[in-house]
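Colleague: Let's go through this model together. I will ask, you answer briefly.

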Amino acid sequence: VSDSVVILTLAAAVGAGTPLALAALGALLSERSGVLNLGIEGIMLVGAVTAFLAADASGRPLVGLAAGALAGGAFTVLHAFLCITMRANQIVSGLALVILGTGVATFLGQPVEGQPLSARLSGTPIPGLSEVPVLGRILFSHDVVVYGTWVLVALTAFYLLRTRTGLAVRAVGESPATADVMGIRVAAVRYAHVIASGLLAGAGGAYVILARVPAWAQAGTTNGIGWIAIALVVFASWRPWRALAGAYLFGAALRANFALQAAGVRGIPAELLAMLPYLLTILVLLVLSASDVRQRLGAPAALGVPYVRDER
Amino acid sequence: VSGLGARLRQVRIERRDRVHPALVVVVPLVSVLAALLFAAAFLALTGHDPLRVYREMLRVSFTTGYGIADTLVSATPLVLTGLAAAVAFRFRLYNIGGEGQLYVGAIAAAGAAIAVGEALPGPLAVLVTVLAGALGGMAWIAVPAIARAWLGTSEIITSLLLNYVALFVMRYLVFGSRSPWRDPASTTFPQGRRIPDAAELARLGTTRIHLGLLVAVVVALALYVVITRTRWGFTWRVYGDSPAAARYAGISARRVVLVVLLLSGALAGLAGAGEVAGRAARLDPQGLALGLGYTGIIVAALARYNPLAVLPVAALLGGVLNAGPALQSLPGARVPVAISTMLTGAILLFALAGELFVRYRLRLRDPDDAASAAEEVLAADHGPTAGVGATSAEVER
């Protein structure tokens, strides 16, 4: 019996970790090009509300997913413009995105507050693989977004670490002046990757409402997982596969209440369980910065600094 | 389009040698107007009448005596959370946990008032309550502050994540347990226990304006003096402008980080104490969770992190927040309350864009000048590297 509890918990962790993985992958792409995107939480909410409305109207969850990703990408153009063209403080700009995104999402979501989404994403177990004992249940009995996330992580890892364009992106994040001299268009690279982060965070937000939460709960729909995703990038030392692993780990923390209940533990206040993922994230950040310098080595050197050619 | 592109490429952005004083006022005002236009378009697209909404906003918050009083009540916590953000952000310490520090300040203030409010004479009970709030806020930033000072952990995410933890703590105390904070008489609809009258802040005449406003204004003035006129403020400014320069000057970065962040947390905690002792007279988890801490960051940014400018900006945004609930009950319109959040978020975005025009000027480049511009780039590449740290620090701000 305890075996199946473990398996169910791990399977739930993969599901709960998927929006985190998508958002963290987005934040990672933006940061690799040198732009900090703290707006993830707001972008996820914009993606989530758009996905709700689009899926509700069309009756198709995948239309909702696409709409959510596109809305996230479009919304993030604001951040790209402010940070790259207008040389704004990236931290404050990201916060502005969170506040505006929360405002827009709760404005548009007000009429459907508390309503469940009818067109939810249904599971698509992979034939054959899902019958494999243990692993089949944990990894291969989910929906298309879970599998799609693996593909995206693999593609991103290959793109960033194995292709010429990926090398150019990393050059822009490490030393934009050098990249500029090499003939790389710094602003264009940064625009592309900041907007990509919006597409992914928007998709992550969409997945939350399409598959994770039972109903639209305004800002409580994402409830801060966008911030955990940003912390995950540090945890993953800016590497895609580690971000995926970290996302599943934090997914397990998000489902801790489920696991404890299933294991027969009672009497822990719901609020205490709810704060667990946030405390765990803080603890991990503290331990990381206390234990080694790898976290600093992994960070793109030009992260957070606007690039101005004639002002170096 | 290509003609426009070519024209745009002729625009050169040059750093201003000094900030023009008029721009510091004009740019935020234009940002607010631009945000109003943006929100008007959004309202029109979602089937609301923007003019009607704005007229109602003016009436509810700015043009009547009642309205102005309500706006000032809403502005009181915003002055303090605005100062909390301003004092940290001004020195490039990004405490975005003002929201949680406000909650914990409120919890501490309510706790202190309930514990000792009956036993102490009025003024002392008020003092203990308010101080407890400041200490509560300080305690909530302590871990991010110490981690930043000693381990170099970025305070951004740690301070932010604690907002969620604080919210759950507050809910637990009132909704999730039979704690001393909970009104024992409320069984079906749990609410906070009323604090003793002695611990409540005095009110101005028959209005809801309370002593907290005076405290907030005095704190703003004091902070301005500390930052601009004292040795402490000087070391903070040196650190904020260039941590490297501060190190050479023998300024302890750890001490600056710790003192500034703890002060920031105390200010946000004070805002929470004010809401408990001046407004709700109890720990009210729903009524506190309005995003006052986040809005404080907008106040600070719009005030360009100047403590004195925080006062008028807080009044303006206080009016916007105050109007939200009234708009929802607008007959036949029912504009979602979130219009306030949207509007404040848009104001911040436009103010950030406007910063470029405060710090830089745009100049049309002479087409013949292209060659000399290229030379400049080369010169910059091979120029002296000393001061690069200071320059990039300046750009980042």
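Colleague: In which helix is B:Glu355 found?

Modeller: This is a predicted model, so local features need pLDDT of at least 70 and side-chain atom pairs count only at pLDDT 80 or more, while totals for chains, interfaces and linings use all residues; side-chain values use heavy atoms, with hydrogens and water left out. Residues are numbered from 1 along each chain as its sequence is written, and chains are lettered from A and ligands numbered from 1 in the order in which they are written. Helices (H or I, at least four residues) and strands (E, at least two) are DSSP runs, numbered from the N terminus. On that count, B:Glu355 is in residues 339-359 of chain B, helix 15.

Colleague: Is B:Glu355 buried or exposed?

Modeller: Buried means under 20% relative accessible area, exposed over 50%, and partly exposed in between (1.4 Å probe, protein chains only). B:Glu355 has 19% relative accessibility, so it counts as buried.

Colleague: Which residue meets B:Glu355 in a salt bridge at 3.6 Å, N to O?

Modeller: A salt bridge needs a side-chain nitrogen of Lys or Arg within 4 Å of a carboxyl oxygen of Asp or Glu. The partner is B:Arg359.

Colleague: Which residues do salt bridges with shared partners join into one network?

Modeller: Salt bridges that share partners make one network of B:Glu355, B:Arg359 and B:Arg304.

Colleague: What separates the C-alpha atoms of B:Glu355 and B:Leu23?

Modeller: Contact means heavy atoms within 4.5 Å. Not counting residues up to four places away in sequence, B:Glu355 touches B:Val27 and B:Arg304. B:Leu23 is 332 residues from B:Glu355 along the chain, and their C-alpha atoms are separated by 9.4 Å.

Colleague: How many salt bridges does a search of the whole structure find over all chains?

Modeller: Side chains of opposite charge can pair when their charged atoms come close. Between chain A and chain B the count is zero. Over all chains, the search finds seven.

Colleague: How many residues apart are B:Arg208 and B:Asp70?

Modeller: Their side chains meet in a salt bridge (3.2 Å, N to O). B:Arg208 is partly exposed at 38% relative accessible area, and B:Asp70 is partly exposed at 25%. The pair links the loop between helix 7 and helix 8 of chain B with helix 4 (residues 65-89), 138 residues apart.

Colleague: Which side chain of opposite charge is nearest to B:Asp183?

Modeller: Lys and Arg count as positive and Asp and Glu as negative; His and the chain ends are not counted. B:Asp183 sits in the loop between helix 7 (155-176) and helix 8 (211-229) of chain B. B:Asp183 is buried yet has no salt bridge; at 4.6 Å, the nearest side chain of opposite charge is B:Arg282.

Colleague: What area is buried between chain A and chain B?

Modeller: Buried area is the accessible area (1.4 Å probe) that two parts lose on being put together, summed over both. In contact are 49 residues of chain A and 60 residues of chain B. Carbon and sulfur atoms give 77% of the buried area, which is about 4,800 Å².

Colleague: How many residue pairs are in polar contact across the interface of chain A and chain B?

Modeller: A polar contact is a pair of N or O atoms within 3.5 Å; within protein, one must be able to donate a hydrogen and the other to accept it, and residues adjacent in sequence count only if both atoms are side-chain atoms. With both residues at pLDDT 80 or more, the rule finds four.

Colleague: Which element gives the largest share of the side of chain A that touches chain B?

Modeller: The elements giving two or more residues to that side are helix 3 (61-85), helix 4 (90-109), helix 10 (225-235) and helix 13 (270-291) of chain A. The largest share is 13 residues, from helix 4 of chain A.

Colleague: Which residue of chain A does B:His48 touch?

Modeller: B:His48 lies in the loop between helix 2 (21-45) and helix 3 (50-61) of chain B. B:His48 is buried at 16% relative accessible area. Its contacts include B:Pro336 and, from chain A, A:Phe107.
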